Amino acid sequence: GNWQERYVQLLLQRLLRNELRRAVAALDAVAVNQAKTWDANANPDADVRAALAAAANTTGVRPNRVIYGEDAWFKRSDAYDTQNNAGANRSAGMTPDELAPRLFVDGVKVLSARYQDSATSKAKILGNTVYGYYADFSGVKDEPSNLKRFVTPTEQGAYRVYVEEHAKYTDLTVEHYSNIVVTSDIGVRKITVS
């Protein structure tokens with residue numbers, strides 16, 4: 001029934017959120033970290049551009065993806081808001097899609113997802129951090145992505161749903177096999193913002 005589809009969607013969301021957490025943990029394990037203070041004297045976009053350029057100088061491949069934690073994105077905007085000049089005001093109001101070409105990357109995302117940290121609280125997957133990395137979605141074996149996701153398909157595709165109906169309850173199971181692998185541990189940059 002319809003309730004089963006809703007619960008399957010919830011299970012799929014949880015699977016994908018856990019994959020996202022594993023991907024962030026994998027990036028974090030290999031990233032070169034820099035601490036930055038984004039305040040009225042800062043230029044957050046210049047800090048990110050410098051980190052991306054440093055990665056390109058190390059590997060020869062410029063990172064093409066940037067992800068901001070929600071807190072880092074707000075600190076970026078707040079830093080520009082407090083500067084009170086035309087350029088800073090324009091930067092403060094940029095969307096991630098508008099920022100991407102200024103950083104010379106294919107995509108900028110802001111991650112605000114949370115997960116169940118304890119029985120009574122949620123935690124942000126990314127908070128006050130920014131990551132720059134290279135990801136190519138072409139599926140070519142030898143491309144230089146820092147991170148790859150390998151999926152073993154089931155007979156029905158990436159996911160398979162099992163429904164077992166019993167007299168007093170119904171079991172819903174979602175089958176999915178994936179592995180997040182760091183395929184290149186150089187060139188990943190992280191900025192921890194305060």
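Residues are numbered from 1 along each chain as its sequence is written. In this predicted model local features need pLDDT of at least 70, side-chain atom pairs count only at pLDDT 80 or more, totals for chains, interfaces and linings use all residues, and side-chain values use heavy atoms, with hydrogens and water left out.

Visitor: How much space lies in the largest cavity?
Guide: On a 1 Å grid over the protein atoms alone, a cavity is a set of points where a 1.4 Å probe fits but cannot get out. Points are joined across faces, edges and corners, and a volume is the space filled by probe spheres set on them. The whole structure has 1 cavity of 30 Å³ or more. The space in the largest cavity is about 40 Å³.

Visitor: Which elements give two or more residues to the lining of the largest cavity?
Guide: Lining residues have an atom within 4 Å of a point; here they include Val-48, Tyr-131 and Ile-191. Helices (H or I, at least four residues) and strands (E, at least two) are DSSP runs, numbered from the N terminus. The elements are α2 (44-59), β6 (129-133) and β11 (189-193).

Visitor: Which element supplies the largest share of the lining of the largest pocket?
Guide: A pocket is an open set with protein on both sides within 12 Å along at least five of seven lines. The largest pocket, about 680 Å³ in volume, is lined by 28 residues, with Leu-20 and Phe-137 among those nearest its centre. The largest share, 7 residues, comes from α1.
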